[in-house]
Amino acid sequence: MPKKPATLQYVLFALVAAAAIAFYLVNVAGQYKYIWHGHERASTPVYFGLSNQVNHSTDPALKAGLHEGDRVLEVNGHPLRSFDTLLQQTNASRPGDPMTLLIERKDGSRGTIQFLLSPQITGGNLRLSFKLFILILQAVFPGFCLLIGLWVVGAKPRDPSAWYLLGIFGFIQCFFANANYWNGPVLPFMCIYSDLAFIAFFLSMLLFGIYFPEPVRLEGRYPWAKWILIAPSLAFAGVDVMIDLGRNVNFRISSWIPPWLDTLDHRTESAIAVICICLFFITLFPKYFTASTRDAKRRLGILVWGAEIGLTPMLIGVVIAQIRNHGSLQEAVPSWYFWTCIVLFIFFPVSMAYVIVVQRAMDVRILLRQGTQYALARGTLNAASVVLLTLLGVTLYQLVNHPQHSDTALTWAVVFTLLFLAMQLGGKKRLSAWIDRKFFREVYSTEQVLSELSEQAGRFTETRPLLETITRRIADTLHVSQIGVLLQCAGGYCLEQSIGAAVDRGVSLPATFLAIRKLRSEKIPLTVYYDNPDGWLMLPAAIEQEVLKALSPEVFLP
């Protein structure tokens, strides 16, 4: 019975993808402003909690007399309704500009303080090499992780493990984000997305550890146990949304939330996050040691050790931050330890991406191949044609309206025209085929090929046409130049069908040959590698060696 279309999953995926991509684009724009123009932009001087009460302030504000617990009533003459009011005034200023605050002390007295705003980046403009390093670390790398997560869910929307992977990879961009670069409606969106993505991250870590690649044994006995962590996390997610709206839109929205609940929310979420990450390791380690196959053990080993290298220093830093009652990891640990955590953290998503995609742990590479082929053939390459056409139009506009640059514009117009024509006259198809052959030749599994051949196979009544169809289909799919099929015959196995090999059809392998015995007993592929002196090829008799050299095989498949 055919499966129902995954309509609901794709609708949910579209909403999540739209929010994640919007967050990424806004974050990248903010990162660019910070990296390239941080020395020219004013730094946020004051931070608040649930109300206009000061939670933290920078050195200029402290020296001017602003203390923790004071209430800010006005910023440069504007009533303070939310954190957004302060950011509007900060982002409209430059380093060295004065900022005036009307404040109310703890004793109820009021006063005005003034101080000069400091730059986001001290010490002047950053070096280009360091700019590129930060841009790759905080923009390119999170974009790669987000792309992997979205692509896996797009390929397998019904697979819960795919959603867990997106929950993990979708948070990585939030790890490097800073919502303070923006004000207006973007600010609450960035904050709410970051908080919800954080909850999705540690819950996805928990569920991924429980169910990947197969459920842990305790899940069958105590399926309710995980809800001890999931239920309060979902409840506090609603509190987070209200706090973000109050802090960044209007303090009145969150005025009903007592300070102790805000503290409990932050402490509980941090504790649950640490527990979930620890359980991620606890659930995966036994699976690694009890893996049924060497391939599964290798995949789990890469995942476990990559996660341990990437997450352990971060986990220790988070615990230290909680003990010292600091709001962030960067404030709680020395700078060298913080940057060590950042660099080592890269190992975690990279190892997970390698296991999921490269090692085919979720059979995603087959789907990635299909999705990539489709996107390149009909999506990305079509978009490239549109871009070329747009560039051609812009170049022609420059050619007409700016004749002083006519030589350069004419050259680019010719280049864009030739590229566009090449794309339309078969270039897209050839480029798609080349990419498919170059990067995805090994990822199309035998099961997938056979499923596509099942409808065709039913129309054949004779063996030879069936074998010819199957071998040609496999050869075209895997881009293999030589394939031979041996069927059981009297006393052994005879070559019935071959493609690309100059071998007589009468060649046969007797059942007594070592190659046949190994294939029948072990039922795994048998490589034929003459340069390996320790291989099984040193054992067969001379007559078997001659037959194998006549066939010139590279691998036998049982």
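A search of the whole structure finds 0 disulfides, a disulfide being a pair of cysteine sulfur atoms within 2.5 Å. The structure is a predicted model, in which local features need pLDDT of at least 70 and side-chain atom pairs count only at pLDDT 80 or more, whereas totals for chains, interfaces and linings use all residues. Residues are numbered from 1 along each chain as its sequence is written, and side-chain values use heavy atoms, with hydrogens and water left out.

The largest nonpolar core comprises 95 residues. A nonpolar core is defined as a set of buried Ala, Val, Leu, Ile, Met, Phe, Trp, Tyr and Cys residues joined through side-chain atoms within 4.5 Å. The residues with the most contacts inside this core are L101, F348 and M352. Helix α7 (residues 186–211) gives the most to the core, contributing 14 residues; helices (H or I, at least four residues) and strands (E, at least two) are DSSP runs, numbered from the N terminus. When residues up to four places away in sequence are not counted, F348 touches I168, F201, M205, F280, G306, A307, G310 and L311, contact meaning heavy atoms within 4.5 Å.

The structure holds 4 salt bridges, each being a side-chain nitrogen of Lys or Arg within 4 Å of a carboxyl oxygen of Asp or Glu. One of them joins D70 to R105, with the closest N and O atoms 3.0 Å apart. D70 lies in the loop between α2 (59–63) and β3 (71–75), and R105 in the loop between β5 (98–104) and β6 (110–116), so the pair ties together parts that are 35 residues apart in sequence. Within this pair, D70 is buried, at 3% relative accessible area, while R105 is partly exposed, at 26%. Another salt bridge links K226 with E219, the closest N and O atoms being 2.8 Å apart, and both K226 and E219 are buried. D244 forms a salt bridge with R247, for which the closest N and O atoms are 3.9 Å apart. Both D244 and R247 lie in helix α9 (residues 227–248), 3 residues apart, about one turn of the helix. D244 is buried, with a relative accessible area of 4%.

Strand pairing was also examined. Two strands pair if DSSP finds at least two bridges between them. An open sheet of 4 strands has the order β4-β3-β5-β6, with antiparallel pairing. Its edge strands, β4 (78–79) and β6, each pair on one side only. β3 and β4 pair in the antiparallel sense over 2 bridges, and E74 stands opposite P79 in β4. Strands β7 (residues 483–489) and β8 (residues 492–499) pair in the antiparallel sense over 7 bridges. The bridge partner of L486 is L495 in β8. β7 and β8 form a hairpin with 2 residues between them, and G491 in the turn has a positive phi of about 85°.

Technical notes:
Buried < 20%, exposed > 50% of the residue type's maximum accessible area, 1.4 Å probe, protein only.
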